[in-house]
Every structure is written in structure tokens, then in C-alpha cells.
Amino acid sequence: LYLQAESTTGAILSAEEMGQPETPVEEVVRTVTRKLLRQIQQGGVVTQSCQWMVLLFMAFSPADVCKCV
């Protein structure tokens with residue numbers, strides 16, 4: 001299951017989960033919804049699953065171009 005939300009500033013956040021065969025669909029929906037709401041509550045601007053990529057790009061960028069807040 002994949003859920004996506006767009007903030008008023010244009011940031012796109014998403015959450016995903018793959019349930020096991022014996023897991024009820026409702027439980028998978030709750031899990032994904034909680035993940036997405038947690039990201040929104042924390043004020044994220046980059047989806048958690050893509051944060052490693054942002055940090056990698058920042059590491060290879062000049063110091064005056066990138067900043068981690």
C-alpha cells in the first residue's frame with residue numbers, strides 16, 4: 001500500500017508498507033497511515049525513505065550549496 005500527501009508548500013511525503021498474507025488489510029492501512037501522519041507531524045519535507053539520498057547529494061555538494069537544518 002502506498003499513500004502520498006502534498007503539503008501547502010508543495011512538499012510531497014509518502015509512506016508504504018507491504019503486508020504479509022495473513023495480515024488483515026485494515027492493519028496494513030493503519031500502519032501506513034500512521035507512518036504518513038508521523039512524517040507530517042514531524043514537519044518533514046523529504047519522505048523518510050528518500051532522506052538517505054538527500055544526505056548523499058549534500059555530502060557531494062560544495063559546503064556553500066547545502067545545509068542540513
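Helices (H or I, at least four residues) and strands (E, at least two) are taken here as DSSP runs, numbered from the N terminus. The model is predicted, so that local features need pLDDT of at least 70 and side-chain atom pairs count only at pLDDT 80 or more, while totals for chains, interfaces and linings use all residues. Residues are numbered from 1 along each chain as its sequence is written, and side-chain values use heavy atoms, with hydrogens and water left out.

Helix α1 covers residues 25-41, and Gly43, which has a positive phi near 75°, follows α1. The end C-alpha atoms of α1 lie 24 Å apart, in agreement with the 24 Å that its 17 residues should span at 1.5 Å a residue, where the expected span is 1.5 Å times one less than the number of residues.

Val28, Val32, Leu36 and Gln39 are the buried residues of α1, buried meaning under 20% relative accessible area, exposed over 50% and partly exposed in between (1.4 Å probe, protein chains only). Seen down the helix axis, these buried residues fall within an arc of 60°, and therefore line one face of α1; the arc is that of the directions from the axis to the C-beta atoms. On the other side of α1, Glu26, Arg34, Leu37 and Gln41 are exposed.

The buried residues of α1 pack against β1 (2-6) and β2 (12-16). Leu36, for instance, has contacts (heavy atoms within 4.5 Å) that include Leu3, Ala5 and Leu13, leaving aside residues up to four places away in sequence.
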